[in-house]
Amino acid sequence: MITISLCMIVKNEEQSLARCLQSVKDIADEIIIVDTGSTDRTKETAAAFTDFIYDKVWNDHFGEARNYAFSKATQEYILWLDADDELEEEDRAKFIALKQTLDASVDSVMMHYHLGLDADNKVITSLKRNRLVRRACGFRWEGPVHEVLLVSGNIIHADIAITHKKDKPYTDRNLRIYRQRAAAEEEFTPRDLYYFANELRDHSCDEEAVDYYERFLRTKRGWSEDCFAACLKMGDCYGRLNQRTLQMRALFRTLLYGKPRAEMCCRVGALFLEDNRVEIAVHWFHTATTLGEPLGYSGVVDHSAWTWLPHLQLCLCYDRLGNKQKAELHNEIAAVHNPTHPSILHNKAYFAQLRREERSV
């Protein structure tokens with residue numbers, strides 16, 4: 001059985017840290033906590049789980065802090081988490097089984113990262129991360145913000161999920177770091193350009209975001225998943241800027257980086273539906289329903305686009321086209337995936353009322 005060091009960087013995480021550590025305490029043989037300047041009871045909370053607590057001055061560089069945490073590990077493998085990450089009980093059991101059976105020749109294990117859950121605890125968005133790495137490989141983190149762990153070698157995928165349960169409001173911290181770096185005329189990697197664009201988009205700086213997405217794509221050195229996502233997000237920016245033609249071009253530009261994905265199909269369908277070009281909208285929503293599951297994809301996945309959303313939209317389309325039977329069929333399919341969604345429940349009541357009216361005639 002392999003041994004594992006859990007390595008974390010924290011600051012003012014007293015609200016979530018205990019939950020995180022409680023969920024992995026039976027998995028980690030060693031827990032390394034690097035505190036970057038907490039003013040609350042974070043270190044006291046950590047002390048209930050480990051004696052290995054280190055202080056590090058914060059230099060606006062996440063990669064540097066994570067590498068420092070990794071340098072303190074002594075076990076065969078390193079697991080990294082954020083304080084608002086947890087293992088649900090099912091995934092904890094899977095992780096324990098993995099620990100008992102993992103071949104020591106494996107250099108990295110990729111796991112699911114559940115970024116968002118709905119009210120019924122179903123996954124809304126997710127991606128994959130290299131979560132467990134062999135310490136002897138000396139893998140290092142790169143980048144001050146939205147840092148990435150550079151791995152290679154024997155990489156496997158495990159059906160284990162880390163669940164993100166963010167309990168703090170988003171801030172402009174990352175955007176400020178990027179702006180400071182830009183003002184200092186630092187050289188940005190393609191990854192920097194992409195994530196700077198994301199921060200700009202998330203803070204509604206849409207014109208700047210488009211500029212940085214274009215800079216990123218022009219490097220021709222980005223990961224295909226990031227290039228695809230850059231085009232999608234650029235389309236969102238153009239939409240907020242009311243530039244419909246450029247929005248559509250950005251969405252179709254995703255096809256330069258891979259096959260159609262449900263996120264793109266649903267966005268394109270929505271644009272045609274807004275223009276009341278319903279039959280063309282049907283084509284794109286229907287295409288989204290035929291793509292299966294997003295297997296083998298490491299980027300962010302919007303699970304609604306791959307399951308219930310296109311069926312809900314097809315319900316609306318077929319209703320407008322006067323085909324009530326098909327409309328209700330697609331609403332029922334959507335309900336299989338999301339039975340409590342307000343729009344789906346509204347549609348159920350609508351079709352039930354139509355049948356009552358037909359019987360009364």
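A nonpolar core is taken here as a set of buried Ala, Val, Leu, Ile, Met, Phe, Trp, Tyr and Cys residues joined through side-chain atoms within 4.5 Å. Buried means under 20% relative accessible area, exposed means over 50%, and partly exposed is in between, with a 1.4 Å probe and protein chains only.

**Ground rules.** I am working on a predicted model, in which local features need pLDDT of at least 70 and side-chain atom pairs count only at pLDDT 80 or more, while totals for chains, interfaces and linings use all residues. Residues are numbered from 1 along each chain as its sequence is written, and side-chain values use heavy atoms, with hydrogens and water left out.

**Entry 1: cores.** I looked up the largest nonpolar core and found 31 residues. Leu6, Met8, Phe95 and Leu132 touch the most other members. I then listed the elements that give two or more residues to this core: β1 (4-10), α1 (17-24), β2 (30-35), β4 (77-80), α4 (89-101), β6 (108-117), β7 (123-134) and β10 (155-164). Helices (H or I, at least four residues) and strands (E, at least two) are DSSP runs, numbered from the N terminus. Another core lies apart from this one; it has 28 residues, including Ala262, Trp284, Ala288 and Val301.

I took methionine 8 for a contact list, where contact means heavy atoms within 4.5 Å. With neighbours within four places in sequence left aside, methionine 8 is in contact with Leu17, Cys20, Leu21, Ile32, Ile33, Val34, Ala69, Leu81, Asp82 and Ala83.

**Entry 2: arginine 66.** I found arginine 66 in helix α3 (residues 62-71). Arginine 66 counts as buried because its relative accessibility is 6%. Not counting residues up to four places away in sequence, arginine 66 touches Ile9, Trp80, Leu81, Asp82, Trp141 and Glu147.

**Entry 3: salt bridges.** Side chains of opposite charge can pair when their charged atoms come close. My criterion for a salt bridge is a side-chain nitrogen of Lys or Arg within 4 Å of a carboxyl oxygen of Asp or Glu. The search of the whole structure finds 30 salt bridges.

I noted aspartate 82 with arginine 66, where the closest N and O atoms are 2.6 Å apart. Aspartate 82 lies in the loop between β4 and β5 (85-86) and arginine 66 in helix α3, so this pair ties together parts that are 16 residues apart in sequence.

I also noted aspartate 55 with lysine 43, at 3.0 Å between the closest N and O atoms. This pair links distant parts of the chain, with aspartate 55 in strand β3 (residues 53-55) and lysine 43 in helix α2 (residues 42-47), 12 residues apart. Lysine 43 is partly exposed, with a relative accessible area of 32%.

Arginine 201 forms a salt bridge with aspartate 236, and here the closest N and O atoms are 3.2 Å apart. Arginine 201 is in helix α6 (residues 190-202) and aspartate 236 in helix α8, 35 residues apart. Arginine 201 counts as buried at 18% relative accessibility, and aspartate 236 counts as buried at 18%. I also recorded one network, in which salt bridges that share partners join Arg19, Glu86, Glu88 and Lys165.

**Entry 4: second largest pocket.** The pocket search runs on a 1 Å grid over the protein atoms alone; a pocket is an open set of points where a 1.4 Å probe fits, with protein on both sides within 12 Å along at least five of seven lines, and lining residues have an atom within 4 Å of a point. The second largest pocket holds about 900 Å³, a volume being the space filled by probe spheres set on the points. I found 34 lining residues, and His114, Lys122, Val123, Ser126 and His303 are the closest to the centre. The elements α4, β6, β7, β10 and α12 (303-306) each supply at least two residues of this lining. The largest share, 5 residues, comes from β7.

**Entry 5: positive phi.** I found lysine 220 with a positive phi of about 55 degrees, although lysine 220 is not a glycine. Lysine 220 sits in the loop between α7 (206-219) and α8 (224-240), and counts as exposed at 76% relative accessibility. Asparagine 276 also has a positive phi, near 60 degrees. Asparagine 276 is in the loop between α10 (262-274) and α11 (278-289), and counts as exposed at 53% relative accessibility.
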